[in-house]
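Subject: Structure handover and notes

Dear colleague,

I am passing on to you the structure that we spoke about, and I would be grateful if you kept it open beside this message while you read.

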Amino acid sequence: MVRFGKRFAPPGSAPGTLSPPEIRRVQEVSVSVIEYGPDQLAEWRSADADEIAAKRAGLPVLWIDVVGLHDVELLRRLGEQFDLHPLALEDVLNTGQRPKMEPYENLIFVVMKLMHSSAGHLESEQISLFLGSGFVLTFQEIPGDVFEPVRQRIRTAQGRIRRMGPDYLTYALLDSLVDHCFPVLEDFGERLEDLGQEVVDDPDRETVGLIHAAKRDLLVLRRATWPQREVVSAFERYESPLVTKEIRIFLRDLYDHTVQVLDMVETYRDLVTGLLDIYLSSVSNRMNEVMKVLTVLASIFIPLTFLAGIYGMNFDPRASRWNMPELDWAYGYPAFWVVTVVIVLVMLLIFKKKKWI
Amino acid sequence: MVRFGKRFAPPGSAPGTLSPPEIRRVQEVSVSVIEYGPDQLAEWRSADADEIAAKRAGLPVLWIDVVGLHDVELLRRLGEQFDLHPLALEDVLNTGQRPKMEPYENLIFVVMKLMHSSAGHLESEQISLFLGSGFVLTFQEIPGDVFEPVRQRIRTAQGRIRRMGPDYLTYALLDSLVDHCFPVLEDFGERLEDLGQEVVDDPDRETVGLIHAAKRDLLVLRRATWPQREVVSAFERYESPLVTKEIRIFLRDLYDHTVQVLDMVETYRDLVTGLLDIYLSSVSNRMNEVMKVLTVLASIFIPLTFLAGIYGMNFDPRASRWNMPELDWAYGYPAFWVVTVVIVLVMLLIFKKKKWI
Amino acid sequence: MVRFGKRFAPPGSAPGTLSPPEIRRVQEVSVSVIEYGPDQLAEWRSADADEIAAKRAGLPVLWIDVVGLHDVELLRRLGEQFDLHPLALEDVLNTGQRPKMEPYENLIFVVMKLMHSSAGHLESEQISLFLGSGFVLTFQEIPGDVFEPVRQRIRTAQGRIRRMGPDYLTYALLDSLVDHCFPVLEDFGERLEDLGQEVVDDPDRETVGLIHAAKRDLLVLRRATWPQREVVSAFERYESPLVTKEIRIFLRDLYDHTVQVLDMVETYRDLVTGLLDIYLSSVSNRMNEVMKVLTVLASIFIPLTFLAGIYGMNFDPRASRWNMPELDWAYGYPAFWVVTVVIVLVMLLIFKKKKWI
Amino acid sequence: MVRFGKRFAPPGSAPGTLSPPEIRRVQEVSVSVIEYGPDQLAEWRSADADEIAAKRAGLPVLWIDVVGLHDVELLRRLGEQFDLHPLALEDVLNTGQRPKMEPYENLIFVVMKLMHSSAGHLESEQISLFLGSGFVLTFQEIPGDVFEPVRQRIRTAQGRIRRMGPDYLTYALLDSLVDHCFPVLEDFGERLEDLGQEVVDDPDRETVGLIHAAKRDLLVLRRATWPQREVVSAFERYESPLVTKEIRIFLRDLYDHTVQVLDMVETYRDLVTGLLDIYLSSVSNRMNEVMKVLTVLASIFIPLTFLAGIYGMNFDPRASRWNMPELDWAYGYPAFWVVTVVIVLVMLLIFKKKKWI
Amino acid sequence: MVRFGKRFAPPGSAPGTLSPPEIRRVQEVSVSVIEYGPDQLAEWRSADADEIAAKRAGLPVLWIDVVGLHDVELLRRLGEQFDLHPLALEDVLNTGQRPKMEPYENLIFVVMKLMHSSAGHLESEQISLFLGSGFVLTFQEIPGDVFEPVRQRIRTAQGRIRRMGPDYLTYALLDSLVDHCFPVLEDFGERLEDLGQEVVDDPDRETVGLIHAAKRDLLVLRRATWPQREVVSAFERYESPLVTKEIRIFLRDLYDHTVQVLDMVETYRDLVTGLLDIYLSSVSNRMNEVMKVLTVLASIFIPLTFLAGIYGMNFDPRASRWNMPELDWAYGYPAFWVVTVVIVLVMLLIFKKKKWI
């Protein structure tokens with residue numbers, strides 16, 4: 001079942017009220033900060049908003065990556081320092097958001113979903129991102145290495161990332177989030193393939209459960225991936241000094257990736273529906289087979305049993321010569337067997353012709 | 001069944017004719033009035049339109065909350081005092097409206113639906129709201145505490161509500177209505193989960209009824225929640241001095257909430273459809289199992305009964321030595337049992353191989 | 001089956017050719033004329049176009065209501081007098097039109113459908129209406145009292161109808177047509193509810209026929225009600241001196257009603273689909289039950305019959321002491337019964353555990 | 001199966017290559033020419049493009065109707081004389097086109113589909129039409145009388161056709177094509193009705209084939225009729241001196257007809273889907289009935305056979321007085337019959353109560 | 001199962017990173033170059049980007065056709081020479097793209113899919129195309145003759161291709177790609193037809209697998225053909241000196257072809273869905289038939305066996321004259337046979353009437 005966990009504020013509470021998420025998905029909140037320009041790089045860890053502010057070196061791009069959401073105080077202080085809107089911060093904490101892109105006066109707020117496949121089913125994690133003038137803030141629910149390749153590219157000054165601004169960093173982060181869908185989808189595709197094999201080879205009662213688990217996972221996937229396309233498209237079309245012109249061609253490429261993801265999700269949907277059809281027709285076929293075995297056996301032996309029943313009757317042969325004279329025939333019993341064998345053969349021939357056996 | 005109760009005026013009657021709803025859902029009409037500004041607050045109860053007018057202190061925001069709709073005279077007087085259009089008042093009384101937002105010359109009329117889950121199924125209540133210059137009027141069918149948190153925030157001057165105008169109050173009320181959907185959906189989700197368990201563990205004839213009851217409730221939910229999105233969106237885009245600029249960012253957040261509600265409703269729809277599929281395949285599987293038991297038992301005993309029938313035949317052994325010599329064999333009977341046991345074992349082996357037992 | 005009756009002109013015939021409808025749905029064409037202004041009222045009946053023209057008093061609003069369509073000559077004369085386009089007149093006669101609103105140079109032509117529920121199924125009647133400067137012409141196929149409340153409001157000067165022009169009369173007529181859907185839908189809802197009860201309690205072969213009759217009626221309803229919304233919307237948005245500004249707020253209210261009608265129709269559609277699902281699962285369940293009875297009975301008695309068959313065998317106890325010694329035991333027969341009862345009890349226990357009995 | 005016949009040019013061939021259709025649907029290409037003005041009329045037949053050019057009298061409207069497509073040379077000559085684009089001519093020959101309207105610089109090219117019902121299933125014929133300044137060219141695959149009524153109206157100067165230009169002629173031809181759908185649909189509706197009767201009364205294995213044949217025919221119908229609406233709509237909205245203002249009101253009427261056709265096609269689609277549902281539930285019901293007969297008979301006779309089997313056992317009454325004393329009772333046999341009848345009656349009562357008999 | 005093969009770059013890698021596709025679908029990368037103007041033609045083969053640059057003769061149109069994608073170095077050099085954007089080159093290598101048309105500053109990048117039907121199922125190949133000022137670059141995954149007719153038309157100066165620019169060449173190539181769908185669809189249609197025959201004549205367990213294989217192939221087809229329409233439409237509407245005005249009429253014709261392809265794909269989808277319905281109803285019908293055989297046989301012989309059982313009972317006729325007097329009747333046994341035959345005939349008559357035999 002798809003549960004939504006109590007990930008919404010109580011109805012009627014004042015907007016912008018920050019309350020920590022009900023379930024702590026990480027033990028310790030950790031914050032990693034990275035500052036860079038074309039030729040410089042500074043990197044440190046700290047969970048104290050004031051320390052972060054103090055340590056800032058003033059390089060062109062500042063990226064603060066917060067993992068874990070239950071330190072509400074840290075969020076509030078970051079919100080004050082970077083002028084984040086309370087409604088946006090509330091959305092960071094209420095992790096039931098759909099992927100969305102919301103422009104605020106001086107920054108852009110983006111929510112994305114990261115898919116994890118754990119223990120055979122899919123889970124989604126909310127990634128929130130603020131793009132402001134000179135800084136990028138990201139919030140993750142649980143630690144993971146999805147942003148690590150980007151950090152590595154910054155460290156090694158690989159590609160153009162060090163030469164460009166926070167909008168390119170934002171693009172790079174979104175790109176790694178969207179591209180992370182591909183291996184998840186690949187895994188899911190293999191799972192469907194196995195299921196497809198099982199449905200054909202050996203479907204049992206649990207198969208239908210597995211099909212429906214796949215269907216539910218696909219629902220989660222669709223909820224997470226459909227709005228991504230709009231997010232990227234809104235980003236690309238958004239007129240603001242925060243999004244420079246050079247970045248748009250990269251966003252168009254990213255948009256293409258989101259569409260490819262959707263394409264695969266939709267294809268999987270059709271495949272799962274097809275699996276259920278095969279399963280049901282397979283169950284029907286098995287029932288048919290069972291019925292045929294019963295019918296063939298019953299059709300052969302029921303008449304024979306009647307025949308045997310006849311010669312078990314006690315009509316008195318002495319009463320008249322019409323009463324069961326067969327019983328006294330010298331070859332009555334062999335004749336009975338001949339008739340029996342003939343009946344069986346005829347029956348088998350009929351069923352053969354009907355392709356039942 | 002989804003009934004619509006006679007909640008429409010007789011066809012052909014003059015537009016704007018006010019007739020009380022057929023079913024009184026509350027014993028006594030009650031009116032609670034609250035007036036406030038940044039530093040002042042007045043609150044009283046009265047069911048007399050003239051008394052309300054007389055008691056008005058002239059504070060920036062006046063909120064009149066009417067619970068119960070059958071006092072048509074009170075509505076008419078309020079309509080005159082606040083210049084409400086008769087067609088809008090008619091819609092307040094005909095509670096079969098869809099959620100909608102209708103701008104009139106000097107005020108905005110909003111209809112929303114509040115979901116109640118009672119006795120295992122969902123019911124909707126119509127909430128009507130007028131936003132005018134300096135006042136908000138709300139009409140509820142039955143008493144409930146959905147607006148209580150807002151009233152509390154006004155009383156305790158919590159958040160910005162006391163510093164802002166009637167448009168913010170309207171936002172706060174709509175927000176509490178929309179957010180009220182989340183616990184209702186949460187309950188519904190738990191109900192679906194229980195049903196999902198029942199379908200897999202122990203489906204019986206009533207299960208299909210429960211699935212369809214859930215489906216019908218979902219229909220009610222969709223009818224109530226789909227138009228909410230358009231209501232909030234129309235509100236946000238509406239150009240009027242009644243909706244100040246500061247409010248729009250809150251309305252955008254509210255819009256997000258309506259979309260999240262729809263998302264959950266759609267997910268539940270897919271889940272309910274899936275439940276029916278599981279149920280049907282489960283019924284098929286059970287039939288299959290029944291058939292197998294019958295087939296296995298019949299396949300084993302029908303041939304054996306034939307065998308026993310043979311040796312119950314009365315062919316006369318004295319007529320010839322071909323007639324049933326087995327009966328006179330010293331070990332005929334034990335041989336019969338050996339044959340019987342062999343047949344049973346062979347049958348069991350065959351069925352084992354077919355995975356029927 | 002939904003038949004369309006030969007309600008179209010022969011292909012290739014010149015446009016604007018007037019031919020009477022194939023089926024006369026009324027014996028006698030009757031025309032009722034009503035003329036009114038704020039203070040005056042004239043009303044008479046006549047089936048002669050010239051007489052109507054002669055009797056005209058020149059009051060602000062003239063409403064001619066024609067019941068029955070087979071007097072082609074009358075239509076042609078009215079068409080000449082009021083300058084109606086031949087293509088519009090042709091549409092009046094070819095009653096297979098969809099609801100539509102067509103502006104002509106100096107008048108507006110509206111086609112609506114009126115639903116009748118007769119003998120347990122729904123039928124639609126075409127209502128055509130011309131709104132011109134100072135006059136309204138309506139054409140009905142069969143007599144009915146759907147316009148009577150409007151006529152009554154004119155006679156008694158109830159509401160604003162006498163003070164307003166032909167556009168308000170048009171609105172009032174359309175309003176009574178749309179609102180007439182509500183009782184029809186209410187009836188249909190009750191029929192669905194009865195059917196829902198029958199499907200659960202006692203489904204038989206006719207039930208599926210009834211469900212499909214309901215489905216077909218719903219098709220008729222949808223065909224009649226979907227385009228109504230566009231008609232009213234086109235009317236509201238149409239810029240012409242024929243539609244005054246005061247009328248638009250009423251048309252918006254009427255639009256809401258058409259949307260409510262559609263909402264109910266769509267809900268019923270979902271319900272009917274659900275009924276079929278319940279019916280099919282109910283049939284499956286019954287089959288299951290039948291199979292269980294057979295299986296339980298057969299499983300109990302087939303082994304017992306085999307047992308009885310054994311002791312009916314004629315192995316000669318005198319041939320050896322191995323041959324059926326049980327037959328000679330003193331308590332052989334009671335022992336047989338004990339074994340029988342034990343087998344029955346064990347079987348019943350097994351089936352009890354499987355929840356088959 | 002819906003085959004598309006090799007009605008496309010080989011891939012990679014130069015655009016505008018004219019190759020005759022693979023299947024000759026007519027023996028001889030025939031060309032009928034008609035020229036007319038308000039007071040004049042000339043009509044002749046010729047299959048030679050030069051002769052046609054030579055015979056032209058210069059009247060306001062020239063209509064050349066070509067039946068049969070395999071005379072590629074004739075088409076090429078006509079194309080040169082009337083300045084038809086090679087791509088359009090190619091589309092005339094490749095008869096797998098969808099209905100479409102394509103404006104060229106100095107003429108309009110229209111493709112329509114004409115439905116024929118032959119030998120119980122539907123076939124479509126491509127009709128191509130060029131509207132130029134002063135002329136109309138039509139191309140049909142097979143001879144038929146669908147344009148005959150228009151020709152007759154020209155000859156007899158019936159209606160306004162002689163007074164108007166080639167655009168009105170085009171309208172008249174399109175109108176006769178669209179209106180030709182109505183009798184085809186009417187026939188189809190009757191076929192569905194018969195099928196509906198058969199499904200309820202006496203469904204057998206062929207019924208499902210007939211339902212699917214109807215479904216396939218409906219697919220052909222939809223492919224032919226859906227784009228018609230866009231064709232007429234594009235025609236109506238097309239700004240060109242070729243389409244005069246007077247014609248637009250007629251095109252609007254024609255548009256209405258195309259929408260009515262679609263409406264019927266969609267209704268039939270729903271009906272056919274419904275038929276399949278009834279068929280399947282009917283098959284289920286029959287299976288149920290078969291099962292009940294088997295179960296009732298088996299349930300009655302299996303216990304009785306066991307009873308008879310008991311008294312066929314050979315327990316020796318002489319061994320003890322416990323061994324089958326019933327056999328020696330004076331009224332043992334009548335008692336057996338009494339028990340038998342009682343069992344039968346009880347069984348019948350139970351089945352009666354279960355409504356199985 | 002639809003697998004996507006690892007055809008995407010690792011998530012988080014820098015955009016524009018060129019990595020060769022995982023599966024080499026061709027042994028050797030081959031490049032064929034053709035340069036032409038109205039009167040001149042040069043053609044050669046080379047797999048070295050520098051050699052190609054050196055050999056260029058400067059004719060109006062240069063077409064470089066690369067078959068095989070794993071020579072990343074060649075691509076990089078071509079990219080530098082023709083100023084291709086790294087993101088576009090990355091898309092050439094990641095062959096999981098959807099068909100798309102992307103304008104870059106000085107060139108247009110087009111991705112199309114070519115369908116191959118191999119070993120009874122469909123596969124798609126990615127064709128990438130760059131249209132720049134004076135040149136066209138195409139990239140194919142595997143060698144094939146889909147572009148051969150175009151090359152032939154260039155060589156033989158057939159049609160207008162030599163007189164026109166690289167945009168016409170692009171059109172000609174896209175046209176041959178789209179038209180290549182028709183024979184593939186034709187083959188698929190024949191496969192469906194065979195399947196349709198098999199479903200009706202002799203459906204077995206493998207049939208459902210074949211139906212689903214067809215369904216999956218159709219998914220591949222849809223993914224490849226749906227976006228083609230948008231590609232061509234975007235091309236036609238794109239304002240750039242790269243797309244001359246003369247070309248647009250050809251692109252419109254090409255657009256029509258893409259729509260026809262979609263039309264066929266959609267029709268096949270409906271047909272495949274229909275096949276599954278026929279298959280399931282066919283399985284149901286067979287089950288029904290099996291059940292009838294069992295029921296008829298059991299219904300006839302079970303009562304008879306009971307009858308025979310009665311006269312096998314050992315009630316002692318000597319105990320009283322009520323005990324089985326039939327056994328001593330002179331014609332008891334013949335009477336038994338008469339009763340038996342009568343029962344059989346009555347049963348057969350009943351089943352005949354029920355149309356079971």
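Below are notes on one chain as a whole, and then on a few single residues.

This is a predicted model, in which local features need pLDDT of at least 70 and side-chain atom pairs count only at pLDDT 80 or more, while totals for chains, interfaces and linings use all residues. Residues are numbered from 1 along each chain as its sequence is written, chains are lettered from A and ligands numbered from 1 in the order in which they are written, and side-chain values use heavy atoms, with hydrogens and water left out.

Chain A has nine helices and seven strands, where helices (H or I, at least four residues) and strands (E, at least two) are DSSP runs numbered from the N terminus. Its domain assignment, which is automatic or taken from a database, gives domain 1 (30-282) and domain 2 (289-353), and the centres of these two domains of chain A, taken over C-alpha atoms, are separated by 77 Å. Along the principal axes, the C-alpha atoms of chain A fill a box of roughly 125 × 45 × 30 Å. The radius of gyration of chain A is 36 Å, whereas a compact globule of 357 residues would have one near 21 Å; this radius is taken over C-alpha atoms, and the globule rule is 2.2 Å times the number of residues to the power 0.38.

Of the 357 residues in chain A, 58% are buried, a class that means under 20% relative accessible area, with exposed over 50% and partly exposed in between (1.4 Å probe, protein chains only).

In chain B, Q228(B) is found in helix 6 (residues 205-237), and it counts as buried because its relative accessibility is 1%. Leaving aside residues up to four places away in sequence, Q228(B) touches P99(B), M112(B), K113(B), V178(B), C181(B) and T258(B), where contact means heavy atoms within 4.5 Å.

K355(B), by contrast, counts as exposed because its relative accessibility is 58%, and it lies in the segment after helix 8 (332-353) of chain B. Phi of K355(B) is near 60°, a positive value in a residue other than glycine. The phi of D83(E) is likewise positive and near 60°, and D83(E) sits in the loop between helix 2 (72-82) and helix 3 (86-93) of chain E.

In chain C, V341(C) belongs to helix 9 (residues 332-353), and it counts as partly exposed because its relative accessibility is 43%.
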